[in-house]
Amino acid sequence: MGYQGFVGLDVVIPHLKDNSVESDLMEILPIIADENAVNEASKADLTHVTSRAANYLRSNQPEVRWFGTKLVHVLCLHPRIIASDAGNFISALTKIIGSKCFITSTIDVRQITCLESAISTLDFIMDKIRHKVALTREILTPRLPSIVQSLVSVMYLCPKPANFVLRKLLMNNTTTLRPFTSKIQKELIILLDDDEGLHKMDDELQSLVVSNFVTIQYALERTNTEEIYRQKLLHLLIEMKEVFEIYSEFLDLNEDPNLQKLLASLPSLPHNEEEKGNYKPLFPSLDIDTLEPLDTLKISRRLHLLTSLLREFISNSSGIAVKLPLGYVISFLELNLSLDLRFAPMKKEFRDVSLKKTVEFSIIKNKICALKLLTQLPSIFGGNLLPHFSSLLSVYELSIPVEIRKNGHITIIEERVWSQLNFIHQILLAASELLSLTYNVVNFTPVLKLVDVALLITKSRLPKLDQSNSNGGSSLKRKKKGGQVIPLSDMLSHQHLFTITASKQTLAVVRQFFATVLKTCHLPSSKQSQILRFVVIDTVKHRSEARIDKNLQELIHNSILFPGHDRNSILPIISSIISDEFLSVFMNPRFPISPRRDTTEGGNIGSNGVTISYIDDGDEDSDDELDDDDSLSKKQKTSDVITEGVDSYEVDTVEILNKNDEPENTGLNHNPLVEQEPVKISSWKREETQVEVSVSGLAKETAVQISNEYDSDSNSEFEIPVIVANDSDDDDE
Amino acid sequence: MDESVFYTPSTATDAAELSFLASIRSNKSHVQFRQCTANAASITGTGQGHRLFVACPEKALVQVYLWGKESPEQKMAVPEELTSLLWVHIFGAGFLVGGGKSGRLYVWELASGYLLSAREAHYQEVSCLEVSHDGQVLVSGGKDSRVLIWRLADLIQFSPDPLPKPVHVLTNHSLPITSIALTKGISNDIKLFTSSLDGEVRHYNVSSGELLTTFIFGEPVNALAVDPAQRYLYAGLSSGTIRLVPLFIVNHKNQLESNTGCGKLVSATSADDPESQFAITSHQDSPVTCLQVSADGGLLVSADSAGKVFVNDIVSRQVARQLRDCSGPISTLRLLINDLERVEPSDLSTKSSTPRILPNLKRSLISDTEISKHDISIPAAGTPEGDIGSLTSDNEHLREQFDLRGFLNQVRKEHAVYQINTEEEADVDQPVQQQQNTDETASTQQYASQLKEMTKAYNELRRVHQDLYSEHLKLLDRD
């Protein structure tokens, strides 16, 4: 943006005449946004501008109103204007929103833009006022009911901004919003349109709508919030269980005892009549035709909606102290992941293959949904999830499609893995999130299968050829005549052109998973080697990229930091392939300290009575520094200072010392041990002291002048060139 | 930022004995807790929402103090008298680990109060507990002279099968363990120092359990501390002396080398340091009971059995500050980094989200029905950082600077909507209007001509009608 100077408001006023929208906002807005312009403006000018802006808001034309909202938005950057005119602006904006910008039957994009802009400006002003006690009391609180009412009325027109503002109000103004609970809920249910509406929304809107819907279920209650929260959550779990049990119409769930156990552990419909009366499902019953295969997807859609609500419930964004039945939540998610047609087959009366496939498809959809929530649980509950660690890890392992061969070997069904790649991604993501909660996992058997499947999905593969086309020359000839086999010939002659390689998403998931596994599990050598092989190959493939992906970098670091049982480090090969600053620490190992300062009886006594001597530890880096030409010249100059007194360097030193001068804590609060620079002293406030210097066992006495303060400032220009090796070994010698 | 020390006595002559939390760099005393004598105590941090857990002496009781209140907020009965206590924070979840007089190790989940583990760990009372900085490794030392290294995750599993065992059992000491210190680092690099009344400090690799070094002090070692950058080991002795042992030394070739590792024996007795160059003698003859090193490694805070607490300058080996005395021996001493001047976002919010009351600690192991429910309190009780974090995100917008450039881009984008529509009107609507105008003129002319024709026809008809009427009247008159 080119604007740098300071232009007065009086320049702008003529351009805001008669509600004209001809002026260029790009020029006007930066001027108004300038703090100086408003602070320096006369009261008359300021009133002029704000009244013009208010006039814009009162217009009947959408464009003029929109123009006004932008002006007001920038004007409200200034506390001076907020204090004087925020109330008027809020009323005017509420009026625009309440009038729905005159939208009747046909919706015009210009009117919608104006509405959204008005909501955004209103939100901005409210943010500016919120938490400021007097402003909130005088300006915001009296207008809140009308604001909420207007927002609710435009929720179907501008769902995203309206819900965004409502969310903030729900968090901060529960009392004012209490009378509007049913209205908001009604509008949200219309938006959700049972379970049809949710999947039509983008992720952001989904999250907003679901969050508001859940918050109004309990957060606005005046009393017993904790109990109401718990009751609503249990009712939601009951509803989810009820929906899940629809599968029992198609599948023989009794065949799977584990599933039955999980179902039994979940809360059921209350038997007590009174409690039964309290239970009211959030959404109407599903209508499913068993003859219509696609109808089974309604179960998934409903479960998706309910799981979204569950996620919002457990993340408890309102921050109210509540008691959450984490065990039930995990049981339900485990239930979702445990349902499998291998263990709970289709009932015999359903022989339709398409129905079976649709049911299977909907089950996979449910599993992905459950896994997404499970992936988020570690970040919500952290260590509280650890008691469930083993059971969750086992469920993840069981979700991988495997078959038992005749020889008893268990192998992964590759075809199913490729067809359910998204599902496999989710399993690996959920597993890495869970594993990151711990370290040195003892029972890593479930992890081995996850490692296998992760390695599998990184492999390149060829698209599956139709057996009838590829088998035998005769069929090939026959097809050739028909001219339909031309693409196939390419596939046979140039196979590499058809190879499907792992996508970026797959690589990202696998890298994250391996990085966590290397960190948390001591895998057997064979598995560790397989992972390290992947790391090397992956690094080679991406070595030429300008900037290596963060997840690959983390994987490389972890593979070096956590070598496991395998003593063959990949450090040499990785350092040959890429250059990474982090690796330098491994290739040039160093001790945690370099120069340090220690006390001895025979050392120098400063003015505060502290005994000091200086020890060089022989660290190569510090030696290098001392050998540098600069250091030498500094040493020379230091000795000049010592012999000749003040020279040109002293000025700088004095300045630096003045900055760091702490007379109260002289010497004691300062820690010379943490110094990483060579020991330096200044000539400021110097006095005659003795430093005992001994290099290679030879002791020299040199008169030096040191400060009575321990100057650790690395910018100091003067340093002591002497080195003392003062330890017991030397003494022995 | 400031660094504060919390210390509490184990016995007291006065029933209303105080524990203190005071700055080590200034004369500030932040808070004090009444009726606070402890076998062991563990504080979660400084500031609103933080708590102090205290294992009461000679009682099977844990007292919980809330920051800002001097008296205990809660008193919770536990299965037996606890001789050591530790608050552990793992990924936002708080756990309480206690070591009993019988040698049992207890682990409670603070969010639910469930007793997750009650393992028979030591043959005699558990004398000290320490956890790694990431909350994954727990080390317990007992009067049975054994040191046990545990994976904490094993101890907090629901109904584990088989029962969790220590990862390593270290039996090198010959007398009761008095203190434990763990270094920081990735899991493979964590080192363990243990001190014992047998006058030795032992140094182990935690992941392998390998003994790296033995430091011999020649007299009982009561307390232990390690420099944050592992440069020095500090040992508090029963004679009242604090010994400093450098972990890196300069060898005869003037090169820095490690003073530890490979099962090395390092002698650090008073005979090795006759001039007391590596000794702090501020406690005179009172046995040192606790030691802690400040975050910058420059100050050593020590406490003794006479109830005195000193802040020692490590460089000068001199006392930099003496804190307020307690009337009994100091049993717990912890250094905490705090930022009490900072206004917490929770102060801005009108809602108080931190639960005041923790669920009571259960005295029996978790049952099957409790496992299936696993009721936990959220926001997680005992983990104030968690809810502060969530509030911060809520108030973040307050601190955000207005992004004028982004705003102008948005204005430009929205303005395009009006421009396109206006142009459309200009380009498309106008010709249509013109055409409409032409059509209107044509139709008006047409209607005008039609009207003219009809008026003419009407006038003709009217004339005929009038003629006929006059004829009719004439005929009537004739009759």
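In this predicted model, the contact between helices α5(A) and α7(A) brings Ala86(A), Gly87(A), Ile90(A), Ser91(A), Thr94(A), Ile97(A) and Gly98(A) of α5(A) against Ile139(A), Arg143(A), Ser146(A), Ile147(A), Ser150(A), Leu151(A) and Ser153(A) of α7(A). By class, the residues of this contact comprise six nonpolar, seven polar and one charged.

Two packed helices are described by the angle between their axes and the distance between the axes. Here α5 (residues 79-98) and α7 (residues 133-153) of chain A pack at about 15°, and their axes are 9 Å apart. Angles under 35 degrees count as roughly parallel, and α5(A) is therefore roughly parallel to α7(A). The crossing of α5(A) and α7(A) is left-handed.

In chain B, an open sheet is built from four strands in the order β20-β21-β22-β26, with antiparallel pairing. Strands β20 and β26 of chain B stand at the edges; each has a single partner strand, so one side of each lacks a neighbour in the sheet. Within the sheet, β21 and β22 of chain B are joined in the antiparallel sense over five bridges. Gly236(B) has Ile242(B) in β22(B) as its bridge partner.

| Strand | Residues |
|---|---|
| β20 (chain B) | 221-226 |
| β21 (chain B) | 232-237 |
| β22 (chain B) | 242-246 |
| β26 (chain B) | 279-280 |

Over residues 119-152 of chain B, the chain is 56% strand and 3% helix, and the end C-alpha atoms lie 12 Å apart.

Note on methods
Residues are numbered from 1 along each chain as its sequence is written. Chains are lettered from A and ligands numbered from 1 in the order in which they are written. This is a predicted model: local features need pLDDT of at least 70, side-chain atom pairs count only at pLDDT 80 or more; totals for chains, interfaces and linings use all residues. Helices (H or I, at least four residues) and strands (E, at least two) are DSSP runs, numbered from the N terminus. Two strands pair if DSSP finds at least two bridges between them. Axes are lines fitted to C-alpha atoms, for helices over the stretch in contact, and angles run from 0 to 180 degrees between N-to-C directions. Angles under 35 degrees count as roughly parallel, over 145 as roughly antiparallel, 65 to 115 as roughly perpendicular and the rest as oblique. A crossing is left-handed if the near helix is turned anticlockwise from the far one by less than a right angle, and right-handed if clockwise. Two residues are in contact if their C-beta atoms, placed from the backbone, lie within 7 Å. Ala, Val, Leu, Ile, Met, Phe, Trp, Tyr, Cys and Pro count as nonpolar, Asp, Glu, Lys and Arg as charged, and the others, Gly among them, as polar.
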